[in-house]
Amino acid sequence: MPITPPPTLTALAPGVFAYVQPDGGWCVSNAGVLVGREAVTLVDATATVPRALHLREHIDSVTPAAVGTLIVTHRHGDHHYGACAVAPDATVVAHERTRELLLSDGLNLPGIWPDVAWGEVALRAPSVTFTDRLTLWVDELRVELIHPGPAHTAGDAVVWVPEHRILFTGDITFSGVTPLYLMGSLTGTLRALDLLRALEPEIVVSGHGPVTGPEVFDANAAYLRWVQELAAEGRAAGRTPLETAQTADLGAFKSLLDSERLVANLHRGYAELSGLPEAAELPVPAVLGDMVVFNGGRIPTCLA
Ligand SMILES: [Zn+2]
């Protein structure tokens with residue numbers, strides 16, 4: 001079955017590729033492909049078996065090598081459910097919190113989107129974990145995994161290729177898509193964006209949406225600060241996060257895909273204003289319910 005819209009594999013530097021899946025909305029995530037002489041190092045593995053097999057076809061177009069190492073950027077299944085198909089024998093590497101959260105989440109996404117063609121997805125648990133930083137090598141190419149603190153989730157890893165100034169951010173940045181902080185932190189992500197900016201990357205591959213330069217950091221930070229202001233105003237006025245979202249003027253952010261995420265982001269903003277620790281777990285089903293109400297009673301659109 002063809003994948004629509006069709007994903008693309010783009011060479012960013014010798015042996016370094018971005019796999020970008022349009023439209024970049026819910027569960028339609030990007031990946032990175034680092035090609036070594038004898039093995040591929042993959043950054044994230046897509047959400048479904050059909051999508052992962054399609055990724056494998058693209059990898060086959062540049063190398064016959066198997067995926068030897070899979071870096072999972074964070075807990076969300078749209079970035080790793082496909083591992084069982086595209087990286088069945090790979091060593092799976094992730095932040096230690098991501099390992100815990102991935103295992104406790106289990107295969108939870110089909111419960112939200114039962115109509116997606118997931119295929120026979122199965123979890124692949126990370127067997128190598130790290131806390132702050134870890135350096136991998138793809139032959140002579142240095143690849144740095146960096147945990148910038150709680151941001152999109154409690155256990156995010158970015159993948160930095162200093163020789164080519166290429167950064168794979170996972171979902172710490174979103175490109176042309178509304179960011180999501182339901183399981184992370186607004187304040188933590190602002191700190192993380194400063195850290196990523198300081199790396200001075202020239203090419204940024206976000207977890208969702210087209211490849212950009214570092215301008216995506218400012219775009220995401222502007223959205224974050226707007227959410228923080230809205231949360232403070234709404235909370236002071238005694239409105240619920242849903243009511244604040246329903247009365248908000250999205251302004252320049254209206255053009256971003258998946259605008260209902262504002263509801264979840266306001267829940268996170270309210271939680272932080274009430275003193276809840278960064279990335280503390282929120283009642284996800286209730287927040288998803290609010291997003292459905294904001295969306296006119298529809299589950300958010302997912303093209304996976
Ligand atoms: Zn995510």
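The following legends describe close-up views of a predicted model. Residues carry numbers that start from 1 along each chain as its sequence is written. Because the model is predicted, local features need pLDDT of at least 70 and side-chain atom pairs count only at pLDDT 80 or more, whereas totals for chains, interfaces and linings use all residues.

**View 1. The protein as a whole, with nine helices and 12 strands.**
Helices (H or I, at least four residues) and strands (E, at least two) are DSSP runs, numbered from the N terminus. The C-alpha atoms fill a box of roughly 60 × 40 × 35 Å along the principal axes. Buried residues make up 48% of the 304 residues, where a residue is buried if 20 or more other C-beta atoms, placed from the backbone, lie within 10 Å of its own, exposed if 12 or fewer, and partly exposed in between.

**View 2. The open sheet of seven strands, in the order E1-E2-E3-E4-E5-E6-E7.**
The pairing in this sheet is mixed, two strands being paired if DSSP finds at least two bridges between them. Strand E1 (8-13) and strand E7 (128-130) stand at the edges with a single partner strand each, so one side of each is left without a neighbour in the sheet. From one strand to the next the twist averages 20 degrees. E1 and strand E2 (residues 16-20) run antiparallel and are joined by five bridges, with valine 20 in E2 as the bridge partner of threonine 8. Helix H3 (residues 96-105) lies across strand E6 (91-95) and E7, running at about 105 degrees to E6; axes are lines fitted to C-alpha atoms, for helices over the stretch in contact, and angles run from 0 to 180 degrees between N-to-C directions.

**View 3. Aspartate 78, in the loop between strand E5 (67-71) and helix H2 (83-86).**
Aspartate 78 counts as buried because it has 26 C-beta neighbours inside 10 Å. Leaving aside residues up to four places away in sequence, aspartate 78 touches Cys27, Ser29, Ala47, Leu109 and Ala304, a contact being two residues whose C-beta atoms, placed from the backbone, lie within 7 Å. Glutamate 96 is 18 residues away from aspartate 78 along the chain, and their C-alpha atoms are separated by 19 Å.

**View 4. Helix H6 (residues 215-236) and its packing partners.**
The end C-alpha atoms of H6 are 32 Å apart, which agrees with the 32 Å that its 22 residues should span at 1.5 Å a residue; the expected span is 1.5 Å times one less than the number of residues. The buried residues of H6 include Val216, Phe217, Tyr223, Leu224 and Val227. Seen down the axis of H6, its buried residues fall within an arc of 160 degrees, so they line one face of the helix; the arc is that of the directions from the helix axis to the C-beta atoms. These buried residues pack against strand E11 (166-174), helix H5 (186-198), strand E12 (203-208), helix H7 (241-247) and helix H8 (261-273). The face turned away from the buried side carries exposed residues, among them Glu215, Asp218 and Arg225. Just after H6, glycine 238 takes a positive phi of about 80 degrees.

**View 5. The parallel strands E11 and E12, joined by five bridges.**
Glycine 170 stands opposite serine 206 in E12. E12 is mostly covered, with five of its six residues buried.
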